[in-house]
Amino acid sequence: MSNATATRVLVLNSGSSSVKYQLLDMHDGARLAVGLVERIGEETSRLVHTPLTDGGEQRERTAPIGDHEAALKAVAEELAADGLGLDSPELAAIGHRVVHGGLRFSAPTVITDEVLAEIERLIPVAPLHNPANVTGIRTARALRPDLPQVAVFDTAFHTTMPEHAARYAIDVETADAHRIRRYGFHGTSHAYVSRRTAGLLGKDPSEVNVIVLHLGNGASASAVAGGRCVDTSMGLTPLEGLVMGTRSGDIDPAVVFHLKRVAGMSTDEIDVLLNKKSGLVGLCGDNDMREIRRRIDEGDERARLAFDIYIHRLKKYIGAYYAVLGRVDAVAFTAGVGENAAPVREAAIAGLEELGLAVDAGLNAVRSGEPRLISPAYARVAVAVVPTDEELEIAQQTYSLVNPSVDD
């Protein structure tokens with residue numbers, strides 16, 4: 001499908017008002033350039049571009065960027081200035097992060113008009129994300145209509161969940177008519193981290209059972225058995241599951257009815273409450289774990305309670321997924337909080353010694369960008385910190401699809 005000599009992949013992550021991008025060379029996985037366009041459609045638009053070859057220096061534009069088409073054209077100009085333009089014969093494909101692929105897309109998929117139409121049909125179950133993803137895809141296809149473009153779906157890794165894990169216990173006909181089921185998200189991260197964790201243990205992914213804890217502003221857990229997801233904490237939307245920066249995670253569904261009937265709140269107001277004004281920020285006014293820990297050190301009780309609720313939910317999911325898997329070889333922490341907040345890792349594992357879990361205080365305190373074990377040698381279950389790399393995962397999946405003879 002692609003020029004066999006072309007080894008570069010441009011990864012695009014299009015948000016509602018932003019575009020994150022990375023250009024990678026799949027010959028060796030090296031990053032050639034990274035960047036971000038933010039506040040698209042505002043007067044204060046900003047593009048930050050960093051070439052990573054030949055000692056290039058970061059460049060910044062602060063000028064209005066009206067829409068995603070203008071944003072991607074600006075990205076193309078910045079790449080071209082470094083000799084890495086979209087017209088380069090070395091560019092093999094463009095990989096797009098797409099949040100929701102429903103049940104149809106269980107693997108990376110070359111984007112056709114039919115595929116794009118299906119992604120649009122999924123907008124009702126991903127109203128915040130899929131519209132921006134579609135816009136980015138349309139713009140990129142217009143800029144390079146001759147180039148293979150691939151959708152890599154956040155939900156794909158979780159399509160291996162058995163029906164008893166994916167189904168909600170509601171009327172089947174109603175659920176099927178409205179596509180109501182548990183899809184899960186952060187799939188590219190869970191796939192990458194579970195595979196890297198197996199490598200850290202010196203084993204093939206098919207031999208390892210891993211609980212992956214992706215802890216950022218959004219947070220999710222997954223139970224991965226032999227390289228396949230068998231359960232995950234997010235559901236129909238990214239609202240279900242763990243306590244997050246601004247999302248509530250699990251609540252009694254009747255809370256929604258109660259707020260509507262008793263507090264007189266509209267559906268939209270409740271949506272905003274649960275997605276943007278809950279979680280850590282709702283509990284203590286902060287969603288930055290560093291600030292919460294600082295406040296705890298100063299004796300702030302609201303911050304302490306928020307932290308304790310966060311950890312309590314996390315422990316419940318570790319225990320639940322231990323039961324689902326039956327045998328656990330490793331628990332892996334990843335993403336911003338998981339990789340950097342040693343107190344969270346320590347607190348989440350504390351008290352789970354009977355499950356074979358323990359954290360070595362010295363190893364846990366080490367800051368590193370490399371995958372590493374933080375459990376003592378005697379621990380029956382490994383505890384790992386594995387920095388996620390969703391862009392590399394997207395690039396690898398994209399390149400493998402357009403170059404099927406290449407073993408990644």
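The legends below describe close-up views of a predicted model. Local features are reported at pLDDT of at least 70 and side-chain atom pairs only at pLDDT 80 or more, while totals for chains, interfaces and linings use all residues. Residues are numbered from 1 along each chain as its sequence is written, and side-chain values use heavy atoms, with hydrogens and water left out.

**View 1. The largest nonpolar core and its most connected members, Leu215, Tyr310 and Val344.**
The core holds 43 residues, and these three touch the most other members. A nonpolar core is a set of buried Ala, Val, Leu, Ile, Met, Phe, Trp, Tyr and Cys residues joined through side-chain atoms within 4.5 Å. Buried means under 20% relative accessible area, exposed means over 50%, and partly exposed lies in between (1.4 Å probe, protein chains only). At least two core residues come from each of strand 9 (209-215), strand 10 (219-225), helix 9 (279-284), helix 10 (289-297), helix 11 (301-325), strand 12 (330-334), helix 13 (342-349) and strand 14 (382-385). Helix 11 gives the largest share, 11 residues. Helices (H or I, at least four residues) and strands (E, at least two) are DSSP runs, numbered from the N terminus. A second, separate core has 30 residues, including Ala6, Ala93, Ala191 and Val386.

Contact here means heavy atoms within 4.5 Å. Just after helix 13, Gly351 has a positive phi of about 90°.

**View 2. The second largest pocket, with a volume of about 290 Å³.**
Its lining comprises 15 residues, and Asp288, Met289, Arg290, Gly336 and Val337 lie nearest the centre. Helix 10 and helix 12 (335-340) each contribute at least two lining residues. The lining divides into 5 nonpolar, 6 polar and 4 charged residues. In this division Ala, Val, Leu, Ile, Met, Phe, Trp, Tyr, Cys and Pro count as nonpolar, Asp, Glu, Lys and Arg as charged, and the others, Gly among them, as polar. On a 1 Å grid over the protein atoms alone, a pocket is an open set of points with protein on both sides within 12 Å along at least five of seven lines, whereas a cavity is a set where a 1.4 Å probe fits but cannot get out; lining residues have an atom within 4 Å of a point. Grid points are joined across faces, edges and corners, and a volume is the space filled by probe spheres set on the points.

**View 3. The largest cavity, with a volume of about 60 Å³.**
The whole structure contains 1 cavity of 30 Å³ or more. The lining consists of Leu10, Leu12, Leu72, Val75, Ala76, Leu79, Leu86, Ile94, Ala140 and Leu143. Strand 1 (8-14), helix 1 (68-81) and helix 3 (130-143) are the elements that give two or more of these residues. Helix 1 supplies the largest share, 4 residues. By class, the lining has 10 nonpolar residues, no polar and no charged.

**View 4. Arg327 in the loop between helix 11 and strand 12.**
Arg327 is partly exposed, at a relative accessible area of 42%. Leaving aside neighbours within four places in sequence, Arg327 is in contact with Glu207, Val208 and Asn209. A polar atom of the Arg327 side chain lies 3.2 Å from the backbone oxygen of Glu207. The side chains of Arg327 and Asp329 form a polar contact of 2.7 Å. A polar contact is a pair of N or O atoms within 3.5 Å; within protein, one must be able to donate a hydrogen and the other to accept it, and residues adjacent in sequence count only if both atoms are side-chain atoms.

**View 5. Ser88 in the loop between helix 1 and strand 6 (91-98).**
Ser88 counts as buried because its relative accessible area is 10%. A polar atom of the Ser88 side chain lies 3.1 Å from the backbone nitrogen of Glu90. Ser88 also touches Arg8 and Arg144, not counting residues up to four places away in sequence.
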